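Subject: Structure handover

Hi,

Here is the structure I said I would pass on to you.

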Amino acid sequence: MKIKRFLIDCAVVFAVTFVVAALVTYLWNLIAHGQSAVDWETSFRFAVILGIALPVAKAMTSKGK
């Protein structure tokens, strides 16, 4: 049952991080460069890294308790 919760946590963190990173890169390009462009590569890469790292860190800290 714990693996199911871990996968759900990974998916939720991935989705939230992807949306936030896409929004931030869009706003950054709009304000700094005057272009309405999203850096999809950076958003996806950031979402994958945090989507794995944050649930693993949470599992490791809760395992110690």
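Below is what turned up, starting with how to read it.

This is a predicted model, where local features need pLDDT of at least 70, side-chain atom pairs count only at pLDDT 80 or more, and totals for chains, interfaces and linings use all residues. Residues are numbered from 1 along each chain as its sequence is written, and side-chain values use heavy atoms, with hydrogens and water left out.

Let's begin with the charged pairs. Searching the whole structure gives two salt bridges (a salt bridge being a side-chain nitrogen of Lys or Arg within 4 Å of a carboxyl oxygen of Asp or Glu). One of them pairs Asp 9 with Arg 5, with 3.2 Å between the closest N and O atoms. Both residues sit in helix α1, which covers residues 2-33, and they are four residues apart, about one turn of the helix. (Helices, H or I of at least four residues, and strands, E of at least two, are DSSP runs numbered from the N terminus.)

Asp 9 also has a salt bridge to Lys 58, at 3.7 Å from N to O. Asp 9 is in helix α1 and Lys 58 in helix α2 (residues 40-64), so this pair ties together parts that are 49 residues apart in sequence. Through shared partners, the salt bridges join Arg 5, Asp 9 and Lys 58 into one network.

How buried or exposed are these three? The relative accessible area is 15% for Asp 9, which is buried, whereas Arg 5 is partly exposed at 48% and Lys 58 is partly exposed at 49%. (Buried means under 20% relative accessible area, exposed over 50%, and partly exposed in between, with a 1.4 Å probe and protein chains only.)

On the surface, Ile 8, Val 12, Val 16, Val 20 and Val 24 make up a nonpolar patch with about 410 Å² of accessible area together. (Patches take residues with over 30% relative accessible area and no salt bridge, joining like charges within 9 Å and nonpolar side chains, namely Val, Leu, Ile, Met, Phe, Trp and Tyr, within 5 Å; the areas come from the Shrake-Rupley method with a 1.4 Å probe, and for residues only the protein chains shown count as cover.) Val 12 belongs to helix α1 and is partly exposed at 47%.

Val 38 is partly exposed, at 24%, and its C-alpha atom is 6.0 Å from that of Ala 22, 16 residues away along the chain.

Cheers
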